[in-house]
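Dear colleague,

Please keep it open while you read my notes.

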Amino acid sequence: MNTSTTVLGYPRIGPRRELKHAVEKYWAGKIGADELETVARQLRADTWSDLADRGLDTVPANTFAYYDQMLDHIQLVGAVPARYRELGLSALDTAFAMARGRDEIGALELTKWFDTNYHYLVPELDETTSFALDASKPLGDLAEAKALGVRARPVFIGPLTFLLLSKPSAGAGADFEPIALADRLVEAYAELLGQLVEAGAEWVQLDEPAYVQDRTADELALLESTYRRLAALPNRPKLVVTTYFGDPGDALPLLAATDVEGIGVDLVSAPALVDRIAGLPAFQRKTLYAGLIDGRNVWRGDLGGALSRATVLLGAVGELVISTSSSLLHVPYDVEVETALDPRVRERLAFARQKVDEVVLLGRALRTDDGVLADVARRPADGVVGPAGFGVDPAVRARVEGLQAADRTRAPYGERSLAQETLGLPPLATTTIGSFPQTGDVRKARAELRTGAITVAEYDERMRGEIQRVIALQEEIGLDVLVHGEPERNDMVQYFAEQLDGYAATELGWVQSYGSRCVRPPILYGDVSRPRPMTTEWAAYAQSLTERPVKGMLTGPVTMLAWSFVRDDQPLGVTADQVALALRDEIADLVAAGIRIVQVDEPALRELLPLREADRKAYLEWSVGSFRLATGGAPSAVQIHTHLCYSEFGAVIAGIDGLDADVTTIEAARSRMEVLADLADIGFHRGVGPGVYDIHSPRVPDRAETQSLLDAALNSIPAARLWVNPDCGLKTRTYTEVDPALRTLVAAAQAARQRL
Ligand SMILES: CN1c2c(nc(N)[nH]c2=O)NC[C@@H]1CNc1ccc(C(=O)N[C@@H](CCC(=O)N[C@@H](CCC(=O)N[C@@H](CCC(=O)O)C(=O)O)C(=O)O)C(=O)O)cc1
Ligand SMILES: N[C@@H](CCS)C(=O)O
Ligand SMILES: [Zn+2]
């Protein structure tokens, strides 16, 4: 038999977010480490059993993580920064300290995993880093899988991707680059592979997705030499080196030239790889892990097309493993439980479990001629927009086709900033990013509304009460530009998606975003339009409570796409323009309701940036264009804010400038204000608020810390254009943290004003 089936990775939060609930209870001191570990072990066992029962030949192991796989990898290779080691905590609590900060010690930086909405913790390395292997976690996994009788393949971040995603620690030399540690790190991998083969691992998967990004000649050479070296080890399991989310380009033949037994590729994002692989004779001696089923979008696979590709590959490679294009971490567990979904949408969807079934079906179709083959081959490619015009809106299409360049252009910034002087804002104006803590009461109210325990009128009344409290608190603290606090929003994308036509929402389609935090990405299946205003009542109510300006709060078109599962039957730019038109109408309604500042959040602008430079210009054109279409109708006196977070922004700094927002608030605290240099480089000349409060950590920063971040910002941005704000929304924090942190922030701004 020269075909088999697997998946590259699987969700780990549990079908009902069991892991999230257990981890949060552990943090709250409600359960101990033993109980947490029991939940985790059960989740791993349930996953492996389900995957094996569904018919996969091998399953991934070591893909479970309490918080993040990168964080686990830091511990695996012994790269825990000294400040966390010195806390003298258990391994579990050390990991949580790195993830969340502890006492006076901040957390590691959190950033996007390639172009996904998953976030990893960024390892910090320097010349003194010495790796020391602790393989207890993957060895434990292997033993657990063995006890269940499943064939498990431990999965690890590859050494080069680990280094390429790391950053120099604060004390590193100016010229230090983490990749310089490759030699040292490969020794730790050699030891790891030795231990895994002793423990019975047949295959080990090393993920090198960093090689679908542009890489230097040296980095490419290092890929080849590293895998030659690992492949030459006398005592090791078989190795499969996988890339995903794009085309490995020049890395592919280099890897193929080494003696690693397996290579994994993403044939969904890079279908042309089929022909390249067929043209590389080295693959005749390799096992190809063929990523034929999409690991990160939710549409049912085109199994007929996948089968044709698999058949071509079968003749070109030594062995073929039918697999997913990436880990299934990025999709929800099971579409079968979504009974409230419109059947015309649901029948087009495959979540993780259904994707496993697709992989198994393809494998069976390739292996046997039992009729499945004919069935699969006959199955039509599933379009997104259905038959009989389902999901099609001719009026929306006509409006997009009729767009002109002028629709994306406001008056010049100078003219706008003059007109906005009527807002009467001081230098170093203080504001927040939008959300205030989503308290237990707020979430409970929403849960009660869902079950029918309270009426819509009661729910609205509770939300108004919350808005009243939040406005009064902001006035008392002394903030200049207020927000309504977003209590009525379950999520900044889902909330809008639930009100837009062309979008569907799930009930249990949770996907891990970071740590214990999950999102339910809505499904954008058809043409998008806005049947009625979405936010005006809440915004107008909040504004009626105060003389100070209240920001209207919207989620921008790029982020609406990035954090949804989006139709793939038309260019993203067209879909983004449809969303933008809905937002443009919303802004007009907000302005008509008396709102003078509107914030259009685009935290995902960087996230969707293509991984290869060559594709970026076209992306920035449509993404920036859609934001400008959304905001382009706002009168000059209306101040447009945007907000960005969860990324390093150097690569999109010109795009941020292109948004032409009057004020840009941007995450900066955790990365020690790195973004300031990028803004200075392009001569950014509009209002900017680099975050001075790291809201991803439960730590409350003290006055000196906040002041020093503000001073750093004042060194490169004139006070008249500098805003003072947190890094991001406060929804994940508690009032005991937010209240003192905001008072500190306002005090720091007032003190700095005195010195002007
Ligand atoms: C800004 N970020 C976001 C990203 N993506 C998004 N789609 N949204 C974002 O905001 N990507 C980048 C970052 C990632 N950051 C976060 C931050 C916070 C969360 C988060 O808090 N997620 C919540 C779930 C939010 C939600 O949808 N809440 C719903 C459902 C609440 C719920 O679980 N209800 C319980 C009952 C509760 C009770 O009775 O008290 C239930 O139904 O069982 C709501 O508020 O209605 C999380 O808990 O993980 C995510 C990403
Ligand atoms: N307005 C949103 C932005 C998060 S990126 C919030 O404050 O939560
Ligand atoms: Zn944010």
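How many nonpolar, polar and charged residues does the shell around ligand 1 have? By class there are 9 nonpolar, 6 polar and 7 charged residues in that shell, where Ala, Val, Leu, Ile, Met, Phe, Trp, Tyr, Cys and Pro count as nonpolar, Asp, Glu, Lys and Arg as charged, and the others, Gly among them, as polar.

Before going further, please note that this is a predicted model, in which local features need pLDDT of at least 70 and side-chain atom pairs count only at pLDDT 80 or more, while totals for chains, interfaces and linings use all residues. Residues are numbered from 1 along each chain as its sequence is written, and chains are lettered from A and ligands numbered from 1 in the order in which they are written.

Of the 22 residues around ligand 1, the nearest are Ala447, Asn490, Arg517, Val519 and Trp563, a residue being near if its C-beta atom, placed from the backbone, lies within 6 Å of the molecule. Helix α18 gives the largest share of this shell, 5 residues, and β14 (511–514) and β15 (517–519), like α18, each supply at least two. Helices (H or I, at least four residues) and strands (E, at least two) are DSSP runs, numbered from the N terminus.

The shell around ligand 2 has 6 nonpolar, 4 polar and 2 charged residues, including Met492, Asp601, His643 and Lys731.

Helix α18 (residues 440–451) packs against helix α19 (residues 456–477) at an angle of about 170°, with the axes 10 Å apart; axes are lines fitted to C-alpha atoms, for helices over the stretch in contact, and angles run from 0 to 180 degrees between N-to-C directions. The two helices are therefore roughly antiparallel, a term that applies to angles over 145 degrees. On the α18 side the contact is made by Val442, Ala445 and Leu449, and on the α19 side by Val456, Tyr459, Arg462 and Glu466, where contact requires C-beta atoms, placed from the backbone, within 7 Å. After α18 comes Gly452, whose phi is positive, near 85°.

Elsewhere, 5 strands form an open sheet with parallel pairing, in the order β17-β19-β20-β21-β22; two strands pair if DSSP finds at least two bridges between them. Strands β17 (551–555) and β22 (687–690) stand at the edges with a single partner strand each, so one side of each is left without a neighbour in the sheet. Strand β21 (residues 663–666) pairs with β22 over 4 bridges, and Thr664 stands opposite Val688 in β22.

With best wishes

Definitions and conventions: Parallel < 35°, antiparallel > 145°, perpendicular 65-115°, else oblique. Contact = placed C-beta atoms within 7 Å.
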